[in-house]
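Here is a short note to read beside the model. Please keep the structure open and check each point as you go.

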Amino acid sequence: YALLVACDEWFGQGDVFKSVPLGPSPADAMWPRTASGDGFLHPALLLTHGCALDKRSGSGAIRIERLHFIPLENVAAQSRDKQGALRRGARNIEPSEVLYLGEVPALDFEAFVVLSNLHTVPARLFDLTLVDVTGKDGEVIDRRLSGHRHDERVATLSEKHVELLKDKINV
């Protein structure tokens, strides 16, 4: 099965972002700083569950305050043995701490994520809004979360790969 597919208009668990402000760290010197200088930009995978993304208050306002991301790691930067293990385990529960993504469009590298490397980002940094989801007849059937800033999504996990992600999280 495909690991990555085109993303929807709205945010979803498993979306791959081209650059997310994950915070300053001396080890992050290779990533460009944000325009405001408040953090470093990383390609990252959105881990926040879809149910949390779509929750609204009684008045319909967006409720989410934080989004959870995992920075993408470059497979080529790993040892030859680890590269092989990552590729062989692409669709398997083991190794459970990592999820292989393969070649990521627009990033020009083969990627994986370490599930324990979780970063929390204030949702306000994305200037969130709700977008209408329409049915086949054009009628609005739902509203979903989207962003106006840092919303450079380049792909999302396929449904099967999201299921594998959830299984790995639950191990």
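1. Aspartate 127 is partly exposed, with a relative accessible area of 39%. Buried means under 20% relative accessible area, exposed means over 50%, and partly exposed lies in between (1.4 Å probe, protein chains only). Aspartate 127 has a positive phi of about 45°, although it is not a glycine. Look for aspartate 127 in the loop between strand 7 (119–122) and strand 8 (128–134). Helices (H or I, at least four residues) and strands (E, at least two) are DSSP runs, numbered from the N terminus.

2. A word on the source. This is a predicted model, where local features need pLDDT of at least 70, side-chain atom pairs count only at pLDDT 80 or more, and totals for chains, interfaces and linings use all residues. Residues are numbered from 1 along each chain as its sequence is written, and side-chain values use heavy atoms, with hydrogens and water left out.

3. Most residues other than glycine have a negative phi, and most peptide bonds are trans. Alanine 106 has a positive phi, near 70°. Its place is in the loop between strand 5 and strand 6. Is alanine 106 buried or exposed? Alanine 106 is exposed, with a relative accessible area of 52%.

4. Now the strands around that loop. Strand 5 (residues 98–104) is mostly covered, with 6 of its 7 residues buried. Strand 5 pairs with strand 6 (residues 109–114) in the antiparallel sense, over 6 bridges. Two strands pair if DSSP finds at least two bridges between them. Valine 98 has valine 114 of strand 6 as its bridge partner. The hairpin has 4 residues between the strands.

5. Next, a peptide bond. The one from glutamate 94 to proline 95 is cis, with omega near 0°. Proline 95 is found in the loop between helix 2 (80–88) and strand 5.

6. Finally, the largest pocket. About 370 Å³ of space lies in it. Of the 19 residues that line the largest pocket, the closest to its centre are Asp8, Gly12, Gln13, Thr156 and Val162. A pocket here is an open set of points on a 1 Å grid over the protein atoms alone, where a 1.4 Å probe fits, with protein on both sides within 12 Å along at least five of seven lines; lining residues have an atom within 4 Å of a point. Grid points are joined across faces, edges and corners, and the volume is the space filled by probe spheres set on the points. Helix 3 gives the most to this lining, with 4 residues.
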